[in-house]
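Let's take a walk through this model, from its charge pairs to its surface. Have the sequence and the 3D view open side by side.

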Amino acid sequence: MTHAKAIFFGEHAVVYGYKGITIPLPQMNVEVTLEDTETIQQRDEILSFIADTCGIDKKTKINITSTIPVGRGLGSSAALSIAIARAKKLPNVREIANKCEKFIHGNPSGIDVNQVLSDTPLLFSKKEGASELDFDLNSYLLIIDTGVVGITKETLKHIADNYDKYEKYIAELGEITDLVIEPLKNKNIDLVGHYMYKAHDLLQKLGVSHASNDEVVEICKNNNAIGAKLTGGGAGGCCISLSKTKENALEIQNALKEKGYSSWIVTV
């Protein structure tokens with residue numbers, strides 16, 4: 001079994017060497033079992049690649065039970081490849097997951113694999129790798145599904161193709177990660193929320209937000225969320241919203257539901 005993850009700060013900036021902060025989502029997970037059969041299994045391109053990488057023959061049925069929405073920036077592909085490698089009892093799970101992520105996303109930062117393999121929040125950069133980031137805000141985080149499948153490979157390419165224009169925004173996103181570490185450790189929830197809204201504004205300027213992301217963030221803000229932003233690759237996918245109390249989180253959840261958005265409440 002493997003869990004999901006959410007990027008708290010630094011999505012897209014981590015691709016260019018800046019730091020990012022991620023959190024585990026143990027409430028969302030994927031479980032895989034392998035079953036020998038006598039028939040050739042039908043698999044899509046991604047599942048075929050993962051199976052081949054894990055040395056799983058074409059007659060082995062891959063049974064997948066998952067509560068992680070696909071294409072929502074919650075690490076579903078990393079979690080799937082790790083769960084399959086674990087079901088095969090392979091020793092080089094991280095190596096396999098990184099190879100699969102490159103096939104699926106083109107130029108991933110590596111942040112998803114690291115957090116999906118960890119049960120604690122992480123501070124990550126390509127240069128320094130991952131380290132545990134010990135914080136507990138004693139708060140509530142809404143994971144909000146826009147219902148729009150975001151293709152990370154496409155948003156990564158969009159930024160790469162326009163990097164000269166976007167370089168300053170990438171740098172500002174990286175700076176936010178550095179600035180938010182102390183507020184996270186000191187439980188300064190209001191400042192954390194401020195940086196969430198600021199990060200979303202920058203992601204809008206990068207052209208990776210979607211009308212649904214922007215609407216969700218606006219609903220959260222209008223219902224007194226401390227902070228809200230898209231999480232992951234963008235172009236839909238999921239958003240996150242921070243609340244000091246469960247009552248406020250429920251209020252936001254109800255307002256989102258009225259607009260057709262589903263969400264989950266987790267603690268952070």
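Predicted model: local features only at pLDDT ≥ 70, side-chain atom pairs only at ≥ 80, totals over all residues.

## Ground rules

Numbering runs from 1 along each chain as its sequence is written, and side-chain values use heavy atoms, with hydrogens and water left out.

Side chains of opposite charge can pair when their charged atoms come close. Here a salt bridge is a side-chain nitrogen of Lys or Arg within 4 Å of a carboxyl oxygen of Asp or Glu. How many salt bridges turn up in a search of the whole structure? Four.

Take Lys229 and Glu11, whose side chains meet in a salt bridge at 2.9 Å, N to O. Lys229 sits in strand β7 and Glu11 in the loop between β1 and β2, so this pair ties together parts that are 218 residues apart in sequence. (Helices, H or I of at least four residues, and strands, E of at least two, are DSSP runs numbered from the N terminus.) Buried or exposed, where does Lys229 fall? Lys229 counts as buried, at 0% relative accessibility, and Glu11 is buried too, at 1%.

Another salt bridge joins Asp112 to Lys5, with the closest N and O atoms 3.2 Å apart. Since Asp112 belongs to helix α4 (residues 111-116) and Lys5 to strand β1 (residues 2-9), the pair ties together parts 107 residues apart in sequence. Lys5 is buried with a relative accessible area of 1%, and Asp112 also counts as buried, at 16%.

Now for a local one. Asp161 and Lys157 form a salt bridge at 2.6 Å, N to O. Both belong to helix α5 (residues 152-161), four residues apart, or about one turn of the helix.

## A negative patch

On the surface, Glu35, Asp36, Glu38 and Asp57 gather in a patch of negative charge. Patch members have over 30% relative accessible area and no salt bridge; like charges are joined within 9 Å, and nonpolar side chains (Val, Leu, Ile, Met, Phe, Trp, Tyr) within 5 Å. Asp and Glu count as negative and Lys and Arg as positive, while His and the chain ends are not counted. Each charge is placed at NZ of Lys, CZ of Arg, CG of Asp or CD of Glu.

## Positive phi in two loops

Most residues other than glycine have a negative phi. Which loop holds Lys89? Lys89, whose phi is positive and near 60°, is in the loop between α2 (76-87) and α3 (93-105). Lys89 counts as exposed, at 72% relative accessibility.

Asn224 has a positive phi as well, about 70°, although it is not a glycine. Look for Asn224 in the loop between α8 (211-222) and β7 (227-231). With a relative accessible area of 53%, Asn224 is exposed.

## A few distances, and the annotated domain

Glu132, in strand β5 (residues 129-132), is 14 residues from Ser118 in sequence and 8.8 Å from Ser118 in space. Ile64, in strand β3 (residues 60-66), is 35 residues and 20 Å from Lys99. Ala83, in helix α2, is 73 residues and 26 Å from Gly10.

UniProt, in an unreviewed entry, lists residues 181-261 as "domain: GHMP kinase C-terminal". UniProt positions are in the numbering used here, feature names are shortened, and annotations may be inferred rather than shown by experiment. In the model, that span is 58% helix and 14% strand, and its end C-alpha atoms lie 30 Å apart.

Key
Areas by Shrake-Rupley, 256 points an atom, 1.4 Å probe, with all protein chains shown as cover. Buried < 20%, exposed > 50% of the residue type's maximum accessible area, 1.4 Å probe, protein only.
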